[in-house]
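We will go from one stop to the next.

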Amino acid sequence: MIFITVKFRARPDRGADWLDLVDNFTQATRREQGNLFFEWSRSVDDPNVFVLVEAFRDADAGREHVESTHFKLATEAMSHAVAQTPEIVSVEIPDREGWDRMAEVSPREA
């Protein structure tokens, strides 16, 4: 599995519409055969900071993603809406196909 997190700092005038800006990209990526998950979060400290957590089946799926038309269109559009170059962590995790369960926390009665 290729596991990637990317932190985007949107320009102050683009933070409010960031999720709309990336919606087509998000939906197209989620339809990719090799995509395992593709999820956006917004910082609780800064409304202009968004974190993307994504994973792909393997290196081939990751390559197909970055070579896709929707990736190229999205990166072009995002380039006009970011305040700085995004920060990224990308790692390959062998023999993994998605999320594991956290052992320390489980649902309990209130």
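Select Arg63: it is partly exposed, with a relative accessible area of 42%. Partly exposed lies between buried, which is under 20% relative accessible area, and exposed, which is over 50% (1.4 Å probe, protein chains only). The side chains of Arg63 and Asp60 meet in a salt bridge, with N and O 2.5 Å apart. A salt bridge here means a side-chain nitrogen of Lys or Arg within 4 Å of a carboxyl oxygen of Asp or Glu. Show helix α3, residues 59–66: Arg63 and Asp60 are 3 residues apart in this helix, so about one helical turn separates them.

A word on what you are viewing: this is a predicted model, where local features need pLDDT of at least 70 and side-chain atom pairs count only at pLDDT 80 or more, while totals for chains, interfaces and linings use all residues. Residues are numbered from 1 along each chain as its sequence is written, and side-chain values use heavy atoms, with hydrogens and water left out.

**Second stop: Arg9 and Asp46**

Select Arg9 and Asp46. They form a salt bridge, and their closest N and O atoms are 2.5 Å apart. Arg9 sits in strand β1 (residues 2–9) and Asp46 in the loop between β2 (35–42) and β3 (49–56), so the pair ties together parts 37 residues apart in sequence. Arg9 is partly exposed at 32%, and Asp46 is partly exposed at 21%.

Which residue forms a salt bridge with Arg14? Select Asp17: the closest N and O atoms of this pair are 3.2 Å apart. Arg14 is partly exposed at 21% relative accessibility. Asp17 is partly exposed at 27%.

**Last stop: the whole protein**

Zoom out and switch to cartoon. Helices (H or I, at least four residues) and strands (E, at least two) are DSSP runs, numbered from the N terminus. From that end, the order is β-α-α-β-β-α-α-β. The C-alpha trace spans about 40 × 40 × 20 Å along its principal axes.

How many salt bridges does a search of the whole structure find? The search gives 5. Finally, colour by burial: of the 110 residues, 33% count as buried.
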